Amino acid sequence: MPSGPLVKATALHKTYRTGADEPIRACDDVSVEVERGEIVAVTGPSGSGKSTLLHLIGALDSPDDGTIVVDGTEITALKRRRLPEYRRRIGFVFQRFHLLPTLTAADNVAAPLLPYKTAFDKHAKAAELLDAVGLKGRETALPAKLSGGQQQRVAIARALVNDPVLLLADEPTGNLDSRTGEEIVDMLFELRERLGTTMMIATHDAGLAERCDRVVRVRDGKVTDA
Ligand code: ADP
């Protein structure tokens, strides 16, 4: 295992230019480090650049400038064709769950593995993860038959199916009532205990942020307090 922080992002810049409008500096000289096993909250008002930062670290988008090293690999130096391989090592969780409506809970969890040959049984792994997120017995349920909190649990199990080195969660409780949101956060902490997964959670939920090991605050694309 390479030494040093799991994530080291240095001097990231990302500007969006949309037609006649002023360019938007969504990421303006951002540097962030995340230690292995740490759960870091990224907070700030809507539009401050939280999602952009997570997208850059997950290589869903690329910075205009700056470097990102994850688990010893400089992803900002990787050839474009190598990026899918990197993204498979990252788990993504979104506010709106993004489950495939015609697949059962278990098939949604196993879906990222289906194109690949694995040395283990994909469906056994999906069942194991559904158990870990508290959904044992709901393997064959379709998403429409599950509550919002249960759907987010399925989405989290899916994000973990590739044994990611890093879980990136963008407003994971944003679509849930506060009690269900609390349950999801409890579960993320339990998963960290069990699997040691490092997490970055973008949120404007102050309660959630407070529970994390550390808070990185962003405003107008800048880190104001790391
Ligand atoms: P947050 O997650 O904190 O709400 P975002 O990272 O989504 O913030 O957005 C930061 C700024 O960048 C916002 O002003 C947003 O409108 C802008 N932005 C984000 N993505 C794009 C895009 N693909 N094209 C143009 N502007 C974008």
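Helices (H or I, at least four residues) and strands (E, at least two) are DSSP runs, numbered here from the N terminus. This is a predicted model, in which local features need pLDDT of at least 70, side-chain atom pairs count only at pLDDT 80 or more, and totals for chains, interfaces and linings use all residues. Residues are numbered from 1 along each chain as its sequence is written, and side-chain values use heavy atoms, with hydrogens and water left out.

**View A. Four strands form an open, antiparallel sheet.** Reading across the sheet, the order is β2-β1-β4-β5, where two strands pair if DSSP finds at least two bridges between them. At the edges stand β2 (24-34) and β5 (73-74), each pairing on one side only. Helix α1 (residues 50-57) packs on this sheet and touches β1 (7-16), β2 and β4; contact means heavy atoms within 4.5 Å. The direction of α1 makes about 120° with that of β1, with axes fitted as lines to C-alpha atoms (for helices over the stretch in contact) and angles running from 0 to 180 degrees between N-to-C directions.

**View B. Here is the β4–β5 pairing.** Two antiparallel bridges join β4 (residues 65-70) to β5. Look for Val 70, opposite Thr 73 in β5.

**View C. Six strands make an open sheet with mixed pairing.** Their order is β6-β7-β8-β3-β9-β10. Because β6 (90-93) and β10 (222-225) each have a single partner strand, one side of each is left without a neighbour in the sheet.

View D. Helix α6 (residues 178-195) lies across β3 (39-43), β7 and β8 (198-202), running at about 160° to β8.
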